[in-house]
Amino acid sequence: MANQQEFDVIIIGGSYAGLSAALALGRALRKVLVIDAGNPCNKQTPHSHNFLTQDGKTPKEISEIAKSQVANYNTISFVNDIAIKGEKNVSGFEITTAEGAIFKGRKLIFGTGVKDIMPNIEGFAACWGISVIHCPYCHGYEVRNQKTGLFANGDMAYEFGKLLWNWTKELTIYTNGKSTLSVEQTKTLANKNIHIVEKEIVKINHEHGKIQELVFSDYSAQKLDALYAKIPFIQHSDIPQNSGCEITEMGMLKVDMMQKTTIEGVFAAGDSTNMMRSVANAVYGGNMAGAAVSKELIAEEFAKA
């Protein structure tokens with residue numbers, strides 16, 4: 001438990017965005033509390049890529065290095081807990097955790113990420129982040145030129161399929177039911193030798209998360225090396241929305257260029273705010289949020305001095 005209950009800033013979520021924000025604020029001499037339960041969405045991912053100086057390291061390695069560096073700043077405290085409630089008051093914000101602790105902060109930063117909603121397909125969740133992947137910039141190089149699938153339909157399947165064609169010419173789109181791609185889209189994909197399979201997927205056979213084959217409802221199967229998937233998600237924490245923060249049509253927390261939400265004093269960064277779900281992007285957003293919060297605090301104190 002942190003040895004003080006009142007802070008300049010409370011950061012909810014201690015992964016890449018939250019730690020990056022904490023680092024900026026620690027260097028700005030701010031009293032900061034980071035609340036995190038240690039359950040990141042990329043916990044199954046074996047390696048992280050496309051982040052300069054850290055390419056190929058495990059997500060856990062990167063976060064452990066980050067936390068150890070942030071912990072060097074003695075104005076930063078950590079609590080291993082889950083924030084379950086947030087309220088705004090005259091002095092700032094009050095956060096209640098699952099263990100019943102109550103913390104007060106002048107500003108809030110959410111680095112809470114999103115929660116992916118897995119389809120009801122046996123083996124899908126076990127492969128998520130390993131061979132069922134979401135981003136070619138994060139994982140595409142490792143599965144380049146391999147037999148690849150795309151779990152998507154409609155316009156998303158068409159646009160994402162065009163993108164993936166850069167990494168592999170052995171690409172099949174699995175619509176998991178009747179295709180909703182237009183006739184023109186289907187023809188264009190066929191001309192690029194991108195196939196469309198409308199069979200319902202019932203199971204992914206795998207070994208320790210590595211896809212072996214897709215099994216369909218008609219009992220047929222298809223060998224595969226990797227499967228990209230665009231699946232639905234929800235905000236991992238409901239505190240921002242319950243506090244009045246606006247959500248975009250894409251399901252993201254709405255923030256401005258300084259990572260400020262639509263509620264005064266509340267900022268957000270990382271996967272909860274941006275469809276570009278990468279470590280590098282989360283670190284950037286957290287750094288910006290930390291600097292912006294610091295600037296606001298300085299301006300408020302300067303005006304009162």
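Predicted model: local features only at pLDDT ≥ 70, side-chain atom pairs only at ≥ 80, totals over all residues.

Student: Where is the place of Ser272?

Tutor: Helices (H or I, at least four residues) and strands (E, at least two) are DSSP runs, numbered from the N terminus. Contact means heavy atoms within 4.5 Å. Not counting residues up to four places away in sequence, Ser272 touches Phe110, Thr112, Gly113, Val114, Gln235, Met252 and Leu253. Its place is in the loop between strand E17 (266–268) and helix H8 (279–304).

Student: How many of the eleven residues of helix H1 (residues 16–26) are buried?

Tutor: The buried residues of H1 are Tyr16, Ala17, Gly18, Leu19, Ser20, Ala21, Ala22, Ala24, Leu25 and Gly26. They pack against strand E1 (6–12), strand E2 (32–36), helix H2 (59–70), strand E3 (76–80), strand E6 (102–110) and H8. H1 is largely enclosed by the rest of the structure, because the number of its eleven residues that are buried is ten.

Student: How are H1 and H2 oriented to each other, roughly parallel or roughly antiparallel?

Tutor: Axes are lines fitted to C-alpha atoms, for helices over the stretch in contact, and angles run from 0 to 180 degrees between N-to-C directions. The axes of H1 and H2 come within 10 Å and cross at roughly 20 degrees. Angles under 35 degrees count as roughly parallel, over 145 as roughly antiparallel, 65 to 115 as roughly perpendicular and the rest as oblique. H1 and H2 are therefore roughly parallel.

Student: How many nonpolar, polar and charged residues has the contact of H1 with H2?

Tutor: Tyr16, Leu19, Ala22 and Leu23 of H1 meet Pro59, Ile62, Ser63, Ala66, Lys67 and Val70 of H2. Ala, Val, Leu, Ile, Met, Phe, Trp, Tyr, Cys and Pro count as nonpolar, Asp, Glu, Lys and Arg as charged, and the others, Gly among them, as polar. By class, the contact of H1 with H2 has eight nonpolar, one polar and one charged.

Student: Which hand has the crossing of H1 and H8, left or right?

Tutor: The axes of H1 and H8 come within 7 Å and cross at roughly 35 degrees. A crossing is left-handed if the near helix is turned anticlockwise from the far one by less than a right angle, and right-handed if clockwise. The crossing of H1 and H8 is right-handed.

Student: Which residues of H5 and H6 make their contact?

Tutor: The axes of helix H5 (residues 154–164) and helix H6 (residues 183–191) come within 11 Å and cross at roughly 25 degrees. That makes the two helices roughly parallel, and their crossing is left-handed. The contact is made by Gly154, Asp155 and Tyr158 of H5 with Gln185, Thr188 and Leu189 of H6.

Student: How far away from Cys138 is the nearest cysteine sulfur?

Tutor: A disulfide is a pair of cysteine sulfur atoms within 2.5 Å, and a search of the whole structure finds zero of them. Cys138 is in no disulfide, and the nearest cysteine sulfur, that of Cys135, is away by 3.3 Å.

Student: Is Thr97 buried or exposed?

Tutor: Thr97 lies in strand E5 (residues 92–97). Leaving aside neighbours within four places in sequence, Thr97 is in contact with Ile35, Asp81, Ile82, Ala83, Ile84 and Phe103. At 1% relative accessibility, Thr97 counts as buried.

Student: And Gln241, is it buried or exposed?

Tutor: Gln241 is found in helix H7 (residues 239–242). The C-alpha atoms of Gln241 and Leu253, twelve residues apart along the chain, are separated by 8.2 Å. With a relative accessibility of 52%, Gln241 counts as exposed.

Note on methods. Residues numbered from 1 in each chain as written. Heavy atoms only, no water. Buried < 20%, exposed > 50% of the residue type's maximum accessible area, 1.4 Å probe, protein only.
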